Amino acid sequence: MENYNKYYDEVISRLQAVRRKQTMFLLTDGFLKTVGYSLLLLLGIAIIESFANGNTNFRTFLAGTFLTGLVAFTVMFLFKPLARSFGFGDYPDLNNIALKVGNHYPELKDKLGNALQLIPLVENKKGNTSPELAKAAFYEIYLESKEKDFAKIVDDSKIKKNLIFFFASAVISLGSIFGVNSVYEGLYRTANFNTSFIPPAPFTIDIEPKEGHKLRGEDLLITVTATGSAPDEIKLYVKEEQQMNYDEFVIKLDSNNSYYFEIPSLKRSISFYGEADWMGSSISTATGEISVTDRPVVRSISGKLVYPNYTKLE
């Protein structure tokens, strides 16, 4: 049989087409699930931010959550199909495809797979099988399988379900994001997580003194003055020289929109600043610095007594 190679190549080509179709279906299925779940996650994050109206740290966390989820979905649903498309991982050989075709068509059973294994043996002159008998057996299987649709073994039920899931998630997510203004604004703020969207505070605060010098043991009065609608309390942070962290003090509003804090008997140079809460963020003053030195002490004195000439004393 001179043309058996043509028939063999035809069968191989049909099996390869089935494998490509399987791989394409798996890629499409993974893509639909990745995008569908990512859209739902995006909607959830936008809704959370629409209610929370969080600061930059909170929105950075939300953006990081979405990126983490996107990577996770990609690994879960797309990694294996992508690896298979490049010939790695769960990449079936053609004999495996042929056996699945045989399982789908009972009249073929494992004859197609066996016939495919015979031809390489004939080509390489291995085994005890007669070349003519092997070629005749293969041609018989070829004729029997010629009208069979090998692609029937490709299961498209999952991709149909996930196509419905994809369109449903897209309609729900995109419809909610672009149809509900608060959700859209939440997504916009999350996408621009490094930008502050907090309205300007209705007050400013200033601290005095900003710099100065004190003798050791003297008292220091720190005054924070608010302009505008002053908050009921602020925080004052004080740190002595060589101290690692600031100590925190809460100061209540006093008269004239001012806050007062006295430090008795200074021992070391200090730095300090005030801070007021505003919608999850903080408004801070400049940092004041006071240097502290020892009081001057006369430990000894020396001199020479010089009498006036008229005293005639030496």
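User: Why is L174 called partly exposed?

Analyst: In this predicted model, L174 has a relative accessible area of 39%. Buried means under 20% and exposed means over 50%, so 39% falls in between and L174 counts as partly exposed. You'll find L174 in helix α7.

User: OK, on to salt bridges. How do you know that R59 and E49 form one?

Analyst: Check the distance. A salt bridge needs a side-chain nitrogen of Lys or Arg within 4 Å of a carboxyl oxygen of Asp or Glu. For R59 and E49 the N to O distance is 4.0 Å, so the pair counts as a salt bridge. R59 sits in helix α2 and E49 in helix α1, so this contact ties together parts that are ten residues apart in sequence.

User: Are these two residues buried or exposed?

Analyst: Both R59 and E49 are buried. That label means under 20% relative accessible area.

User: What makes R216 and D294 a salt bridge?

Analyst: Here the closest N and O atoms are 2.4 Å apart. The cut-off is within 4 Å, so this pair counts as a salt bridge. R216 lies in the loop between β2 (211–215) and β3 (220–228), and D294 lies in the segment after β9 (288–293), so the bridge ties together parts that are 78 residues apart in sequence.

User: Why is R216 called partly exposed, and why is D294 called exposed?

Analyst: R216 has 33% relative accessibility, which lies between the 20% and 50% limits, so "partly exposed" is the label. D294 comes to 52%, and exposed means over 50%, so D294 gets the label "exposed".

User: How do you know that K235 and E248 link distant parts of the chain?

Analyst: Their side chains meet in a salt bridge, with 4.0 Å from N to O. K235 is in strand β4 (residues 233–240) and E248 is in strand β5 (residues 247–252), 13 residues apart. As for cover, K235 has a relative accessible area of 26% and is partly exposed. E248 is partly exposed too, at 45%.

User: Let's do the largest pocket. What makes up its lining?

Analyst: The largest pocket has a volume of about 610 Å³. There are 21 residues lining it, and Q22, F25, L26, R84 and K158 lie nearest its centre. The elements that give two or more residues to the lining are α1 (4–52), α2 (56–77), α3 (79–85), α4 (94–104) and α7. Helix α1 provides the largest share, six residues. Sorted by class, the lining has ten nonpolar, three polar and eight charged residues.

User: What makes the backbone at N53 and N256 worth a look?

Analyst: Most residues other than glycine have a negative phi, and most peptide bonds are trans. N53 has a positive phi, near 50°, and is a residue other than glycine. N256 isn't a glycine either, and its phi is about 60°. N53 lies in the loop between α1 and α2, while N256 is in the loop between β5 and β6 (258–263). With a relative accessible area of 41%, N53 is partly exposed. N256 has 68%, and the exposed cut-off is over 50%, so N256 counts as exposed.

User: And what joins E208 and P209?

Analyst: A cis peptide bond, with omega about -5°. P209 is in the loop between β1 (203–208) and β2.

User: Last one: why is S229 called partly exposed?

Analyst: S229 has a relative accessible area of 49%. Exposed means over 50% and buried means under 20%, so S229 stays in the partly exposed class. S229 lies in the loop between β3 and β4. From S229 to T204 is 8.6 Å in space, C-alpha to C-alpha, with the two 25 residues apart in sequence.

Conventions: Residues are numbered from 1 along each chain as its sequence is written. This is a predicted model: local features need pLDDT of at least 70, side-chain atom pairs count only at pLDDT 80 or more; totals for chains, interfaces and linings use all residues. Side-chain values use heavy atoms; hydrogens and water are left out. Helices (H or I, at least four residues) and strands (E, at least two) are DSSP runs, numbered from the N terminus. Buried means under 20% relative accessible area, exposed over 50%, partly exposed in between (1.4 Å probe, protein chains only). On a 1 Å grid over the protein atoms alone, a cavity is a set of points where a 1.4 Å probe fits but cannot get out, and a pocket is an open set with protein on both sides within 12 Å along at least five of seven lines; lining residues have an atom within 4 Å of a point. Grid points are joined across faces, edges and corners, and a volume is the space filled by probe spheres set on the points. Ala, Val, Leu, Ile, Met, Phe, Trp, Tyr, Cys and Pro count as nonpolar, Asp, Glu, Lys and Arg as charged, and the others, Gly among them, as polar.
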